Amino acid sequence: ERSFNRSAVNLSLKYFYMKRISSALYIFLIAATIGCSKNPDNTTEEVATKFPVPTWKADDTGKYPATMTAVFNLPPTLASGFTKNDKLAAFVNDECRGVGAIVEVNNLYLFFVLIQGLPEETNKISIRYYSDRTSFMYESRFALTFLADDIYGTAENPKILEFTRLK
């Protein structure tokens, strides 16, 4: 008759299962690492375009007799890199309808924009922002609607736009 040492058998089983589990974990980690590695055939990385300093200018011929006023503050992600050489302007399609003037209000730098248009028009207005520090150009994610004599934002309650970087 043979006697079994139960504690030795239990230790052997524990060792057997621990080894299996650690081997499976090791194989999983290798597979995950290979799956997450870059594909050497796809070496293109997204590169942001550096833009020259814009020379935006709104019409000064009187073609657009109606105006609306807008006051903007940058979102925190862009405000942290703000310089006094940054630029912001309002556009209908690619036509500049107003250039922002930087005004300091309560230790915040705001952009005041007088947006031009026709009295009856309700065109969509996009806002573009140029960062002098990075030379990146951004465009507002949402368009405003031109409404003659309208006020969009104030010095006490400026509008914060969401921007997308142009590539």
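**Notes on the predicted model**

1. Glu 162 forms a salt bridge with Arg 141, the closest N and O atoms being 3.3 Å apart, where a salt bridge is taken as a side-chain nitrogen of Lys or Arg within 4 Å of a carboxyl oxygen of Asp or Glu. Glu 162 sits in the loop between strand 10 (159-160) and strand 11 (163-165), and Arg 141 in the loop between strand 7 (136-140) and strand 8 (144-145), so the pair ties together parts that are 21 residues apart in sequence. Helices (H or I, at least four residues) and strands (E, at least two) are DSSP runs, numbered from the N terminus. Glu 162 counts as partly exposed, at 43% relative accessibility; on this scale buried means under 20% relative accessible area, exposed over 50%, and partly exposed in between (1.4 Å probe, protein chains only).

2. On the basis of the values: this is a predicted model, in which local features need pLDDT of at least 70 and side-chain atom pairs count only at pLDDT 80 or more, while totals for chains, interfaces and linings use all residues. Residues are numbered from 1 along each chain as its sequence is written, and side-chain values use heavy atoms, with hydrogens and water left out.

3. On confidence, the mean pLDDT of the chain is 84, and 72% of its residues reach 70 or more, pLDDT being the predictor's confidence in each residue, from 0 to 100. Where pLDDT is low, the predicted coordinates should not be read in detail.

4. How many salt bridges are there by this rule? The count comes to seven. One of them joins the side chains of Asp 94 and Arg 128, at 2.8 Å from N to O. Asp 94 lies in the loop between strand 2 (87-92) and strand 3 (95-99) and Arg 128 in strand 6 (residues 124-131), so this pair ties together parts that are 34 residues apart in sequence. Asp 94 is exposed, with a relative accessible area of 66%, whereas Arg 128 counts as buried at 15% relative accessibility.

5. The side chains of Glu 95 and Arg 97 also meet in a salt bridge, at 3.2 Å from N to O. Glu 95 is partly exposed, with a relative accessible area of 27%, while Arg 97 counts as buried at 4% relative accessibility. Both residues belong to a network of salt bridges that links Lys 63, Glu 95, Arg 97 and Glu 121.

6. Asp 59, in the loop between helix 1 (6-36) and strand 1 (66-73), deserves a separate look. Asp 59 is buried yet has no salt bridge, and the nearest side chain of opposite charge, Lys 63, is 5.1 Å away; Lys and Arg count as positive and Asp and Glu as negative, with His and the chain ends not counted. A polar contact of 2.9 Å joins the side chains of Asp 59 and Thr 61, such a contact being a pair of N or O atoms within 3.5 Å; within protein, one must be able to donate a hydrogen and the other to accept it, and residues adjacent in sequence count only if both atoms are side-chain atoms. A polar atom of the Asp 59 side chain also lies 3.5 Å from the backbone nitrogen of Gly 62. Not counting residues up to four places away in sequence, Asp 59 touches Tyr 64, Cys 96 and Gln 116.

7. Pro 158, in the loop between strand 9 (151-152) and strand 10, is buried, with a relative accessible area of 17%. Pro 158 and Asn 73 are 85 residues apart in sequence and 5.8 Å apart in space, C-alpha to C-alpha. Leaving aside neighbours within four places in sequence, the contacts of Pro 158 are with Val 71, Phe 72, Asn 73, Leu 110 and Gly 153.

8. A search of the whole structure finds seven aromatic pairs; rings of Phe, Tyr and Trp (its six-membered ring) pair if their centres lie within 6.5 Å, and planes under 30 degrees apart count as stacked, over 60 as edge-to-face and the rest as tilted. The rings of Phe 82 and Tyr 109 have their centres 5.1 Å apart and their planes at 25°, so this pair is stacked. Phe 82 is buried, with a relative accessible area of 15%, and Tyr 109 counts as partly exposed at 27% relative accessibility. The rings of Tyr 129 and Tyr 138 have their centres 5.9 Å apart and their planes at 35°, so that pair is tilted. Ring pairs link Phe 82, Tyr 109, Phe 111, Tyr 129, Tyr 138 and Phe 163 into a cluster.

Notes
Contact = heavy atoms within 4.5 Å.
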